[in-house]
Amino acid sequence: MNTQNFSAGQVAVVTGAARGIGLAIARRLAHQGVFVYLLDRDEQALNSSVSALQLEDLQVAGIALDLTVGESVNAAFAQIQQAHGRLDFLVNNAGVVRDKRFLNMTEQDWDLVVDTNLRAQFLCCKAALPLMLEKGFGRIVNMSSRAWLGGFGPAHYSAARGAGAA
Ligand SMILES: NC(=O)c1ccc[n+]([C@@H]2O[C@H](COP(=O)([O-])OP(=O)(O)OC[C@H]3O[C@@H](n4cnc5c(N)ncnc54)[C@H](O)[C@@H]3O)[C@@H](O)[C@H]2O)c1
C-alpha cells in the first residue's frame, strides 16, 4: 500500500471488517490517518474490533448491518455523509463461502453466497459513488478471489467472484 496516497481527514468504508482481512485493511488505513468506518453484521465482533482500534488511538467507528439489505446500506452511507460530508475510499471486502457440490447446493445457499459476495458490492458502490463524484475523488476496491477461475466445488462463489472482478 503506497502511504503517499493517504492523508488525515480522508474517510474510508471497509465492509466485513469485524475480523480477518477486512479488519487488517481497516487498521492499516486508520494508521495512515484516515477515518475508517467498519461495516459488519456481526455486532459483537464489530464492537470488540472497533474498541481495540480505538485503544490504539485510531479514528474509527462501527456500523452493524446486513450488507445485502439496500435500505440498511443506504442508511449507513447517509450517516457517513452527514457526519463527514465526504467518502474517499470504499473497500468491498465482506464475503462468505459455502463449499458445496453443485447437486447439494440449495437455492438458499446460492442466494446467500451471491447476495453477500456480489449484491452487497453493487449496493455499496451505488451508495458510495454519489459521495465520491460530488468531491471529484474516490477509490473503490472490490475483493475477489482466484476462485473466479472456476474449479471443483463452490459454483456460486466462483460465479459471484468472477462477476465482482469483471
Ligand atoms: N481468506 C482467504 O483465504 C480469502 C481468499 C480469497 C478471497 N477472500 C475474500 O476476502 C474477503 C475477506 O475474507 P476473510 O477470510 O477475511 O473473511 P471472514 O469470513 O474472516 O470475514 C468476513 C466478514 O464479513 C462479514 N459479513 C459476511 N456477510 C455479511 C453481510 N451480509 N453483512 C455484513 N457483514 C457480513 C462477516 O461477519 C465477517 O466479519 C472475503 O470477501 C473473501 O471471499 C478470502
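**View A. Met105 in the loop between S4 and H4.** In this predicted model, Met105 is placed in the loop that lies between strand S4 and helix H4. Met105 has 16 other C-beta atoms within 10 Å and is therefore partly exposed, since a residue is called buried at 20 or more such neighbours and exposed at 12 or fewer. Gln54 lies 51 residues from Met105 along the chain, and the C-alpha atoms of these two residues are separated by 41 Å.

**View B. Strand S4 between its partners S1 and S5.** Strand S4, residues 89-92, runs parallel to strand S5, residues 139-142, and is joined to S5 by four bridges. Strand S1, residues 11-15, also runs parallel to S4, and three bridges join these two strands.

**View C. The crossover from S4 through H4 to S5, with Met132 in the helix.** Helix H4, residues 107-135, together with S4 and S5, makes a β-α-β unit that is right-handed. Met132 is found in this helix, H4, and counts as partly exposed because it has 18 C-beta neighbours inside 10 Å. Although Met132 and Asp88 are 44 residues apart in sequence, their C-alpha atoms are 6.4 Å apart in space.

**View D. Helix H1 and its buried face.** Helix H1 comprises twelve residues and reaches 17 Å from its first C-alpha to its last, which is close to the 16 Å expected at 1.5 Å a residue. The buried residues of H1 are Gly22, Leu23, Ile25, Ala26, Leu29 and Ala30. Seen down the axis of H1, these buried residues fall within an arc of 160°, and so they line one face of the helix.

**View E. The shell of residues around the ligand.** Of the 21 residues around the ligand, those that come nearest are Gly16, Gly20, Ile21, Arg41 and Gly95. By residue class, the shell divides into eight nonpolar, eight polar and five charged residues. Helix H1, residues 20-31, and helix H4 each supply at least two residues of this shell, and the largest share, three residues, comes from H1.

**View F. The pairing of S2 with S3 and the crossover through H2.** Strand S2, residues 35-40, and strand S3 run parallel and are joined by five bridges. Within this pairing, Leu38 stands opposite Gly62 in S3. The chain passes from S2 through H2 to S3, and the β-α-β crossover made in this way is right-handed.

View G. Helix H2, residues 43-55, has 13 residues and reaches 18 Å from its first C-alpha to its last, close to the 18 Å expected at 1.5 Å a residue. Which residues of H2 are buried? They are Leu46, Ser49, Val50 and Leu53, and, because they fall within an arc of 100° when seen down the axis of H2, they line one face of the helix. The face of H2 turned away from this buried side carries the exposed residues Gln44, Ser51 and Leu55.

**View H. Asp57 in the loop between H2 and S3.** Asp57 lies in the loop between H2 and strand S3, the latter spanning 60-64. The phi angle of Asp57 is near 65°, a positive value in a residue other than glycine. Asp57 has 8 other C-beta atoms within 10 Å and is therefore exposed.

Note on methods
Residues numbered from 1 in each chain as written. Predicted model: local features only at pLDDT ≥ 70, side-chain atom pairs only at ≥ 80, totals over all residues. Pairing = 2+ DSSP bridges. Right-handed = clockwise from strand over helix to strand, strands pointing away. Near = placed C-beta within 6 Å. Nonpolar A, V, L, I, M, F, W, Y, C, P; charged D, E, K, R; others polar. Expected span 1.5 Å × (residues − 1). Arc of directions from axis to C-beta.
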